[in-house]
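Have a look at the sequence and the model first.

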Amino acid sequence: MKIAVFSTRSYDECFLKAANANLRHELHFFEARLTERTCRLAEGFPAVCVFVNDQLDKPVLETLAAGGTRLIALRCAGFNNVDLRAAQELGFTVTRVPAYSPHAVAEHTVALTLALVRRLHKAYNRVREGNFNLEGLLGFDLYKKTVGVIGTGKIGALVARAFLAGFGCRVLCHDVRQDPELVQLGAEYVPLERLFSVSDIISLHCPLLPETHHLIHEKTIQQMKDGVILINTSRGALIHTRSVIRALKTGKIGALGLDVYEEEADLFFEDLSNRVIQDDVFARMLTFPNVLITGHQAFFTQEAMEAIAAQTLENISAFAEGHRPPGLIEVEKVLGGHA
Ligand code: NAD
């Protein structure tokens with residue numbers, strides 16, 4: 001099948017080509033992000049392969065449909081960037097890679113937490129400059145601290161396990177459904193208000209849905225402990241960024257670790273090091289000594305990239321053969337609760 005691959009970076013090309021070693025599919029790589037301006041590049045391609053910041057809103061989907069595209073193959077787990085209602089109306093099949101390596105994201109979450117708790121991002125720079133002073137680097141033990149995990153699906157459950165078994169933390173969870181194995185391991189499911197009010201560290205792992213949009217905002221932050229550490233490796237819009245900035249300024253939030261950002265589409269995955277960042281909210285976050293941001297790299301491991309490429313092509317092959325792709329998004333089911 002002829003596939004237009006958008007938002008291509010060298011690593012996407014490398015892993016997708018390796019997964020397509022039998023040359024079963026014809027891959028055409030475009031560096032451009034899929035937007036209203038670039039969607040005509042897909043004309044004549046029955047499939048497009050897209051990533052987290054490609055824009056699949058109604059106008060783009062209409063242009064894709066008019067150009068003969070029938071399959072949208074996401075090479076990621078989240079699909080909040082696709083207007084599923086419009087995709088369904090236009091007759092698209094939409095696939096994703098629901099689980100490639102939840103370990104990759106869970107481990108990055110723990111890395112962000114540890115780096116912030118022990119000020120590794122500050123220590124790294126100091127030592128390189130020959131400054132071995134410890135002033136300002138005081139951390140705390142994770143042992144016996146309370147970690148709140150919101151969303152205990154594939155990634156959240158691994159994060160909860162790591163803090164429980166690896167560090168001897170008390171883990172409080174919140175989810176619309178409980179994982180009995182986590183409870184057996186000692187985690188406790190609690191209402192959100194309780195999780196907010198007693199957690200020393202809060203980590204977000206629920207999907208971005210209308211009901212989770214800006215889950216962290218002025219009022220919910222007020223419910224949190226003073227100096228709480230907030231980690232988000234899920235989706236940027238779970239957090240109302242301006243509220244978090246206000247809370248960082250007062251010290252209500254003691255440290256912030258982000259791998260995702262609400263407006264990341266204009267920044268992440270690009271080398272902007274020679275340009276002036278135009279996003280003042282993002283730029284403000286970079287000024288805090290207790291904020292550590294990575295540019296949506298939690299998924300980025302060798303194992304995850306191999307799995308993503310293999311499963312993306314598996315979805316495309318199944319579609320081409322008229323079978324049900326393993327990563328099919330069942331639009332009816334998804335929209336059922338969130339139309
Ligand atoms: P998952 O579907 O396995 O788990 C999500 C969990 O959230 C489920 O248990 C679900 O019941 C729960 N949930 C749904 N609504 C909720 C609500 N209102 N409140 C609390 N919990 C709720 O998903 P996953 O694979 O664990 O991924 C979690 C998130 O991580 C997704 O948003 C995904 O997009 C993101 N992600 C980020 C990266 C990255 O590189 N940063 C990579 C992969 C996934």
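Predicted model: local features only at pLDDT ≥ 70, side-chain atom pairs only at ≥ 80, totals over all residues.

Residues are numbered from 1 along each chain as its sequence is written, and side-chain values use heavy atoms, with hydrogens and water left out.

Start with helix α1, residues 10-19, where D12, F15 and L16 are buried (under 20% relative accessible area, with exposed meaning over 50%, 1.4 Å probe, protein chains only). Helices here are DSSP runs of H or I with at least four residues, and strands are E runs of at least two. What do they pack against? The partners are β1 (2-5), β2 (26-29) and α12 (302-320), with contact meaning heavy atoms within 4.5 Å. On the face turned away from the buried side, α1 carries exposed S10 and A18.

Now the ligand. It is surrounded by 24 residues, and Y100, K154, I155, D175 and S234 are the closest (a heavy atom within 4 Å counts). The shell has nine nonpolar, ten polar and five charged residues, with Gly counted as polar.

| Residue | Polar atom | Distance to ligand oxygen |
|---|---|---|
| G153 | backbone | 3.3 Å |
| R235 | side chain | 3.2 Å |
| F299 | backbone | 3.1 Å |

Taken alone, the ligand exposes 860 Å², and the protein buries 88% of that (Shrake-Rupley, 1.4 Å probe).

Notes. Polar contact = N/O pair within 3.5 Å; in protein donor to acceptor, adjacent residues only side chain to side chain.
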